[in-house]
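Please look over the model below.

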Amino acid sequence: QVQLVESGGGLVQAGRSLRLSCTASRSILSIYAMGWYRQAPGKQRELVASILNTGSTNYADSVKGRFTISRDNAGNTVYLQMNSLKSEDTAVYYCNAERYSGGYRSDVWGQGTQVTVSS
């Protein structure tokens with residue numbers, strides 16, 4: 001079972017940048033998709049960005065052009081570069097591994113890291 005640990009969250013002023021890291025306990029290259037989700041108080045968890053094992057990426061409309069998801073060549077860390085942060089980006093950010101076996105999906109989640117953007 002892969003384990004995920006997020007880091008890099010914190011308090012930042014609007015307009016500044018942060019980079020989140022998600023380090024896996026083993027290689028993620030064979031995992032179907034790695035993603036970053038976020039959950040703000042009183043709101044549902046939402047997908048922010050994902051990267052497939054092919055390298056293809058996907059972004060929520062609200063972060064397109066500001067956030068970039070990537071992974072390292074060693075294959076066990078996924079990053080979320082967040083630029084031009086806004087107060088509405090304030091949330092707990094979770095790393096996710098989406099896996100399939102026998103046609104069934106299973107998810108692994110990290111513990112989350114808080115991002116607070118002050119206006």
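Which side chain makes a polar contact of 2.7 Å with the side chain of Arg38? It is the side chain of Glu46. A polar contact is a pair of N or O atoms within 3.5 Å; within protein, one must be able to donate a hydrogen and the other to accept it, and residues adjacent in sequence count only if both atoms are side-chain atoms.

This is a predicted model, in which local features need pLDDT of at least 70 and side-chain atom pairs count only at pLDDT 80 or more, while totals for chains, interfaces and linings use all residues. Residues are numbered from 1 along each chain as its sequence is written, and side-chain values use heavy atoms, with hydrogens and water left out.

Arg38 sits in strand β4, residues 33–39. Strands (E, at least two residues) are DSSP runs, numbered from the N terminus. Arg38 has a relative accessible area of 6%, so it is buried. Buried means under 20% relative accessible area, exposed means over 50%, and partly exposed lies in between (1.4 Å probe, protein chains only).

Arg38 also makes a polar contact through its side chain with the side chain of Tyr93. Beyond residues up to four places away in sequence, Arg38 touches several others, including Val48, Phe67 and Asp89. Here, contact means heavy atoms within 4.5 Å.

Now turn to Asp89. This residue is found in the loop between β8 (77–82) and β9 (91–101). Is Asp89 buried or exposed? Asp89 counts as buried because its relative accessibility is 0%. Its side chain has a polar contact with the side chain of Arg66. A polar atom of the Asp89 side chain also lies 2.8 Å from the backbone nitrogen of Lys86. The table collects these polar pairs.

| Pair | Atoms from | Distance |
|---|---|---|
| Arg38 and Glu46 | side chain and side chain | 2.7 Å |
| Arg38 and Tyr93 | side chain and side chain | 3.0 Å |
| Asp89 and Arg66 | side chain and side chain | 2.8 Å |
| Asp89 and Lys86 | side chain and backbone nitrogen | 2.8 Å |

Leaving out residues up to four places away in sequence, Asp89 touches Ser84, among others. Ser84 is in the loop between β8 and β9. Ser84 counts as partly exposed because its relative accessibility is 39%. The phi angle of Ser84 is near 50°, a positive value in a residue other than glycine.

Asp89 and Gly112 are 23 residues apart along the chain. Their C-alpha atoms are separated by 14 Å.

## The sheet around β3

Four strands form an open sheet in the order β1-β3-β8-β7, with antiparallel pairing. Two strands pair if DSSP finds at least two bridges between them. The edge strands are β1 and β7, since each pairs on one side only. From one strand to the next, the twist averages 15°. Axes for such angles are lines fitted to C-alpha atoms, and angles run from 0 to 180 degrees between N-to-C directions.

Strand β1 (residues 4–7) pairs with β3 over four bridges. There, Ser7 stands opposite Ser21. On to β8: six bridges join this strand to β3. Tyr79 in β8 is the bridge partner of Ser21. Leu20 stands opposite Leu80 in β8.

Why is β3 largely enclosed by the rest of the structure? Five of its seven residues are buried, so the rest of the structure largely encloses β3.

## Disulfide and core

How many disulfides does a search of the whole structure find? The search finds one. A disulfide is a covalent bond between the sulfur atoms of two cysteines. The cut-off used here is a pair of cysteine sulfur atoms within 2.5 Å. Cys22 and Cys95 are joined this way, with an S to S distance of 2.0 Å. Cys22 is in strand β3 and Cys95 is in strand β9, 73 residues apart. The torsion about their S-S bond is about -80°, so the disulfide is left-handed. Both cysteines, Cys22 and Cys95, are buried.

The largest nonpolar core has 31 residues. A nonpolar core is a set of buried Ala, Val, Leu, Ile, Met, Phe, Trp, Tyr and Cys residues joined through side-chain atoms within 4.5 Å. Those with the most contacts inside this core include Trp36, Leu80 and Tyr93. Elements that give two or more residues to the core include β3 (18–24), β4 and β11 (113–118).
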